[in-house]
Amino acid sequence: MNPIDILLVNPRNRANKPAYLPAGITYIAAYLRKHGVEVRIFDRNAEVESFKQAIERYRPRIVGFSVLTGPTINDAIALSMQTKQLLGDVVVVWGGMHSTLFPGQCLAESYIDVVASGEGEITALELTRAILDKKPLN
């Protein structure tokens, strides 16, 4: 399979699988697809496939994590580190509540390359285009 542009990840947030969709990343994925970006969603709360299998199959150029302050942090950290180990040249982006509240703290970590704050759809598209086109992220 050819590499995809971006894999959006909903980190594990509970032991039991929830009966709801991760609305934030589904909105972002739909917006990106509408604008021609090849995107997949990986929901750790629902997927049967392992994260490593998904990374190896899709070989995304960007991996975006939706991170809440609290229960998802440990999973998001572990998956971000694993992403960097498996795909060294991948760009890891953190978005969501935690990165909006603590952008400096997030950017201080070696396993996070970019932080997206606030509403995500337009930012995700602009960010994806800049990364794929190798343009400055300012």
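Modeller: Helices (H or I, at least four residues) and strands (E, at least two) are DSSP runs, numbered from the N terminus. This is a predicted model, in which local features need pLDDT of at least 70 and side-chain atom pairs count only at pLDDT 80 or more, while totals for chains, interfaces and linings use all residues. Residues are numbered from 1 along each chain as its sequence is written, and side-chain values use heavy atoms, with hydrogens and water left out.

Colleague: Which helix or strand gives the most to the lining of the largest pocket?

Modeller: Helix H6 does, with six residues, and H6 spans 121–132. At least two residues each also come from strand E1 (6–10), helix H1 (23–34), strand E3 (62–66), strand E4 (91–95) and helix H4 (97–101).

Colleague: What makes a residue part of a lining?

Modeller: It has an atom within 4 Å of a point of the pocket, a pocket being an open set of 1 Å grid points, where a 1.4 Å probe fits, with protein on both sides within 12 Å along at least five of seven lines. The largest pocket has 26 such residues, and Ile 25, Ile 28, Gly 95, Gly 96 and Gly 120 lie nearest its centre.

Colleague: How do the classes divide in the lining of the second largest pocket?

Modeller: There are seven nonpolar, no polar and four charged residues. Among the residues lining that pocket are Arg 59, Arg 61, Asp 89 and Lys 134, and these count as charged because Asp, Glu, Lys and Arg form that class. The lining of the largest pocket, by contrast, has 14 nonpolar, 10 polar and two charged residues.

Colleague: How do you know where the buried residues of H3 lie around its axis?

Modeller: Ile 73, Asp 75, Ala 76, Leu 79, Ser 80 and Thr 83 are buried, meaning under 20% relative accessible area, where exposed is over 50% and partly exposed in between. Seen down the axis of H3, these buried residues fall within an arc of 160 degrees, so they line one face of the helix. On the other side of H3, Asn 74 and Gln 85 are exposed. The cover over the buried residues of H3 includes E1, helix H2 (51–58), E3, E4 and H4.

Colleague: Why is Arg 14 called partly exposed?

Modeller: Its relative accessible area is 43%, and so Arg 14 is partly exposed, since that class lies between 20% and 50%. Arg 14 sits in the loop between E1 and H1; Arg 44, 30 residues apart from Arg 14 in sequence, is 9.7 Å apart in space, C-alpha to C-alpha.

Note on methods. Buried means under 20% relative accessible area, exposed over 50%, partly exposed in between (1.4 Å probe, protein chains only). The arc is that of the directions from the helix axis to the C-beta atoms. Contact means heavy atoms within 4.5 Å.
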